[in-house]
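Subject: Structure handover

Hello,

Here is the structure we spoke about, with the sequence alongside. My notes on what was found in it follow below.

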Amino acid sequence: MPDRPKKNCVEQEVICDLQNICTEFGDNIVHHNLNLKVSRGDIIALVGRSGCGKTTLLRHIIGLTKPISGKVLLFGENMHAMERVAQRRLMQRFGVLFQQGALFSALSVFDNIAFPLRELKQFDESVIHQLVMHKLALVELEPRDAKLLPAEISGGMVKRVGLARALALEPELLVLDEPTAGLDPDRSHNFIDLVTQLKKSLGLTVIFVTHDMDTLVSLAERVAVLEDKHIIADCALHELINSSHPFVINFFQSIRSRLEGL
Amino acid sequence: MAAASFRVTQDDKGRHHVQLFGQWSLRAPFNDFAKLKKSLQPFFADNFTKWDLLEVDQLDAAGAATLLSSWGNKLNDNISIKSEHAELFNTLIGLTKKTDKKARADWLSPLNSLGKGVIQLMHHFAEFSRLLVSLLLEIAYLFRQPQDFPWREFSANVYKSGVNALPVTALLGFMIGIVMGYLMSKQLHTFGADVYIVNILGLSIIRELGPVLMAVLVAGRSGSAMTAQIGVMRVTDEIDALTTMGISRTLRIVLPKVLGLTFVSPLLVLWTSSWALAGGAFASNLELGISFRFFFDYLPLVVQPINLTLSLIKGLMFGFVVALVACHFGLRIKPNTESLSNSTTSSVVTAISGVIVVNAVFAILTRGIGV
């Protein structure tokens, strides 16, 4: 196993490092020389107006797409310049929750969560059963839900199962795309609590995209604002007040009242 | 921190002490629990082995469950663990799979599945006839309200399943024509009956091969596309959206597809048959030296024109069957990938089988006509 930094500098270890990212779709320039660093233990929110390339950036981070130029370093390594086994091992170190859950619709909840565990080919079925049940309990689902198909469960449960699947391989980094979109306020509140709690107990680093102000205020420790093809601000939420960028000021109006309530 | 490892010592009584170190966790990238379990197997088998987990840096559910399953899903006095890990072990013990009661052999199960199959078949028939009836009702409605006819969708379907199918039907028709022409001219030539190639090719292609070939191609090409399209519309709730706008799904989705394909199929039959005949004429020209001029002059004399009418009627029926079967299976799709693929397969298979059955019935009914 490669040497990891010692515990005292764990806080500073950069888990995800985006350097000079440029992305274009045809004539539409989405990112231009964008830089972002995420350290271990961060909960960082990516905000910006609709269509400004937040999800695209997430897809770059998890290696689904490749920027036109620039480097994406995940755990200090460039995923696109690795051999296959190492790449797979790297991919097991992060978990992704897609916006729609992206559960395998032909598999039951149990099989969805068991899928990444079975792919490891290290465990027998009784162990997998225990692990899946453990993950289900972690996201506060009932054992009897395990038999259901994704089409038979509600939106909130889909998100929970998606989270359980993302957590199955004990990832260090959790990437969430709109984790609370489509949930009612109560459910989304519970979901945020769940993520915060899991973050604490499992020592996760979380990167997420959101449009929901409540999610932002209650979950994010740091906010990265994507605007004008750049990250124009990358700081704690309450420090955003010092920014003079019109988008941030505009944006800040809407969350000021919420912040005052904190 | 380091990857999971262990050290075995033996005390004076010959008992093993297994001491575990490092990260017993999936986080450590080079852990392989299957291998660890295998190398620890002799100690798991020995009831007197002492287990010492006090030096473990990190233990996650995967590591704990692997150990636990080898210990028979319980902790005992021989196992010493850190207090912070005890909770994890206890949780996992609570989650042990209860072994299912062994299912008794069910002698009636073949009968059961047969019954299920029959019931499912009846459901299919019921739904299919419901679809057919609602389609007829919509057509009746359109006679009263002609301005509601979905012309745009109709023409889109004519274009997609008709015009776009021209190249492939032409190519396949031509090639089959060549093959048949070549084989038959060989046979006929041995009898010196060269000129009968026109009779055989003309009758078989115009009456049978053209329509069936067209139907098979259209079922594979347009039928599957229709099923998948309707299926995805169901999955994404588009059909419900249509209904809430007060638009009948039969009128807007099923009817244009069925009428479009029914309208365009006879034309496709003509097209396919012409290319097949051209292929046949080409082969007989090469093999038997029959000129194209003679072939096509002689054709109407030996093949009665009624055969062409029959073939166009067949085209109408086949188009109708293929499109209706495709819509039927499309509307049954449930929102998952398995159902989508199953229904698309069933749609094509049923459409082709249906076409062949209809063809057989039609052949019996018209056995005295045109031959």
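Two strands are taken as paired if DSSP finds at least two bridges between them. Helices (H or I, at least four residues) and strands (E, at least two) are DSSP runs, numbered from the N terminus. Residues are numbered from 1 along each chain as its sequence is written, while chains are lettered from A and ligands numbered from 1 in the order in which they are written. This is a predicted model, in which local features need pLDDT of at least 70, side-chain atom pairs count only at pLDDT 80 or more, and totals for chains, interfaces and linings use all residues.

Chain A overall

Chain A contains eight helices and 10 strands. Its C-alpha trace spans about 55 × 45 × 45 Å along the principal axes.

In chain A, 38% of the 262 residues count as buried. A residue is buried if 20 or more other C-beta atoms lie within 10 Å of its own, exposed if 12 or fewer, and partly exposed in between, with C-beta atoms placed from the backbone. Two residues are in contact if their C-beta atoms, placed from the backbone, lie within 7 Å. Of the contacts in chain A between residues at least 6 apart in sequence, 66% join residues at least 24 apart.

Strands of chain A

An open sheet of four strands runs in the order E2-E1-E4-E5 in chain A, with antiparallel pairing. E2 and E5 of chain A are at the edges and have a single partner strand each, so one side of each lacks a neighbour in the sheet. Within this sheet, E1 (residues 14-25) and E2 (residues 28-39) of chain A are antiparallel and share eight bridges. Asp17(A) has Lys37(A) in E2(A) as its bridge partner, and Val14(A) is opposite Ser39(A) in E2(A). The hairpin of E1(A) and E2(A) has two residues between the strands, and Gly26(A) there has a positive phi near 65 degrees. E1(A) is also joined by five bridges to the antiparallel strand E4 (residues 69-74) of chain A. In E4(A), Leu74(A) is the residue opposite Cys16(A).

Phe75(A) lies in the loop between E4 and E5 (77-78) of chain A. It counts as partly exposed because it has 19 C-beta neighbours inside 10 Å. Leaving out residues up to four places away in sequence, Phe75(A) touches Ile15(A), Leu90(A) and Arg93(A).

Elsewhere, E3 (residues 43-47) and E9 (residues 222-227) of chain A pair in the parallel sense over four bridges. Ile44(A) faces Arg222(A) in E9(A) across this pairing. E9(A) also pairs with E10 (residues 230-235) of chain A, in the antiparallel sense and over five bridges. There Val223(A) is opposite Cys235(A) in E10(A). In the hairpin of E9(A) and E10(A), with two residues between the strands, Asp228(A) has a positive phi near 55 degrees.

Helix H3 and the cores

H3 (residues 109-120) of chain A has Val109(A), Asn112(A), Ile113(A), Ala114(A) and Leu117(A) as its buried residues. Their cover includes H4 and H5 (155-167) of chain A. Lys121(A), which follows H3(A), has a positive phi near 60 degrees.

A nonpolar core is a set of buried Ala, Val, Leu, Ile, Met, Phe, Trp, Tyr and Cys residues joined through C-beta atoms within 7 Å. In the largest one, of 87 residues, the members that touch the most others are Ala45(A), Leu46(A), Ile61(A), Val175(A) and Ile207(A). H5(A) gives the most to this core, with seven residues. A second, separate core has 50 residues, among them Val254(B) and Val348(B).

Chain B has domain 1 (5-94) and domain 2 (137-365), with bounds from an automatic or database domain assignment. The centres of these two domains of chain B, taken over C-alpha atoms, are 67 Å apart.

The contact between the chains involves 20 residues of chain A and 28 residues of chain B. On the side of chain A, helix H4 (residues 125-138) gives the most, with seven residues.

Regards
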